[in-house]
Amino acid sequence: MEPQDDKLERYLAEFQPRAVRTLHLSPRARNPWQRRLAAAAAVLCCIGTGYWQIHRARVKALKGIQLKSQTMVMTRIGLQNSEKLDEFLFDQSRNVLPSFQGDQSTLRVLAKE
Amino acid sequence: MLLEATKLTTESLKKLYEKHGAALAAYGCCCGLDFASAEDVVQQVFLNLLRGNVVAARAPLAYLYRAVHNASLNHWRDRRREAEMPEGELWFTHGTVDRAVMLSLQDVLRELPEEQREAVFLRVWSGMTLQEIAEATETPLNTVASRYRYALQRLRERLGARIERQD
């Protein structure tokens with residue numbers, strides 16, 4: 001470098017760049033992918049809950065209808081023929097009675113006695 | 001040879017900001033930004049490094065100048081319709097020199113070709129030697145030296161009379 005370049009360099013160095021404000025470190029921002037994943041999980045959760053609620057309501061309504069229709073059938077049979085009602089109840093009891101498989105099942109306890 | 005990518009620590013980045021933040025903001029102003037926007041751009045570049053969104057090369061200072069340059073151009077492109085650059089805004093300070101001299105220095109710096117301007121900033125306001133600049137920018141030393149010489153020549157042409165007066 002020539003002496004005149006040194007002189008100019010020194011002259012330029014006298015100019016100080018304007019000070020900048022302090023660097024503020026904000027809390028670590030989440031990765032955009034993490035945010036997208038969290039949003040997708042939230043949406044899925046909402047959809048799942050909604051579906052489960054609808055399904056539960058439907059099952060409940062179906063059970064109510066079945067019970068209602070069964071009671072009506074039994075009443076009709078009872079009015080027409082009481083023997084047939086006994087037969088019907090006997091058949092139903094097979095399905096309704098608790099399983100014999102369980103250790104503490106009512107049937108097993110009764111059988112032991 | 002490709003530069004090895006290294007992640008800078010928070011402390012080293014803070015030190016870099018304290019030491020070179022002002023020069024980087026002035027550099028951003030050379031790319032057409034007003035001072036407040038240049039400050040924002042510099043902060044954003046450092047925050048990206050701190051959050052690990054980007055990884056700086058082995059020569060962080062040269063990387064920072066490039067990053068500020070690119071971010072400034074993007075910012076300028078996005079905002080140019082919104083706001084005009086304020087006339088006569090100063091991004092340099094000097095104890096004795098008057099405002100007109102500072103404005104003419106800023107004008108010359110803005111008019112310099114990108115590579116020459118980068119060489120001047122790295123040498124004068126970031127204190128690197130020409131050899132260090134050559135290594136950091138992966139440019140032959142002779143090229144860096146001639147860029148710097150041309151830049152000084154231009155600055156002398158514009159500010160020469162004032163430098164003589166200073167003596």
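The model discussed here is predicted.

**Helix H5 of chain B**

H5(B) is mostly covered, with 10 of its 12 residues buried. The buried residues are Gln116(B), Arg117(B), Glu118(B), Ala119(B), Val120(B), Phe121(B), Leu122(B), Arg123(B), Val124(B) and Trp125(B). After H5(B) comes Gly127(B), which has a positive phi, near 65 degrees.

**Helix H6 of chain B**

H6(B) covers residues 130-137, and its buried residues are Ile133(B), Ala136(B) and Thr137(B). Looking down the axis of H6(B), these buried residues fall within an arc of 85 degrees, which means that they line one face of the helix. Just after H6(B), Glu138(B) has a positive phi of about 55 degrees.

| Helix | Residue after the helix | Phi |
|---|---|---|
| H5(B) | Gly127(B) | positive, near 65 degrees |
| H6(B) | Glu138(B) | positive, about 55 degrees |

**Chain B as a whole**

Along the sequence, the elements of chain B follow the pattern α-α-α-β-α-α-α-α. Of the 167 residues in chain B, 37% are buried. Contacts in chain B can also be sorted by separation in sequence: among those between residues at least 6 apart, 69% join residues at least 24 apart.

**Where chain A meets chain B**

How many residues of chain A are in contact with chain B? There are 19 residues of chain A in contact with 28 residues of chain B. On the side of chain A that touches chain B, the elements giving two or more residues are helix H1 (3-13) and strand S1 (16-17) of chain A. H1(A) provides the largest share of that side, seven residues. By residue type, the side of chain A that touches chain B divides into 11 nonpolar, one polar and seven charged residues.

The strand of chain A also pairs across to the other chain. S1(A) is joined by two bridges to strand S1 of chain B (residues 92-93), and these strands run antiparallel. Within this pairing, Pro17(A) stands opposite Phe92(B) in S1(B).

Note on methods. Residues are numbered from 1 along each chain as its sequence is written. Chains are lettered from A and ligands numbered from 1 in the order in which they are written. This is a predicted model: local features need pLDDT of at least 70, side-chain atom pairs count only at pLDDT 80 or more; totals for chains, interfaces and linings use all residues. A residue is buried if 20 or more other C-beta atoms lie within 10 Å of its own, exposed if 12 or fewer, and partly exposed in between; C-beta atoms are placed from the backbone. Helices (H or I, at least four residues) and strands (E, at least two) are DSSP runs, numbered from the N terminus. The arc is that of the directions from the helix axis to the C-beta atoms. Two residues are in contact if their C-beta atoms, placed from the backbone, lie within 7 Å. Ala, Val, Leu, Ile, Met, Phe, Trp, Tyr, Cys and Pro count as nonpolar, Asp, Glu, Lys and Arg as charged, and the others, Gly among them, as polar. Two strands pair if DSSP finds at least two bridges between them.
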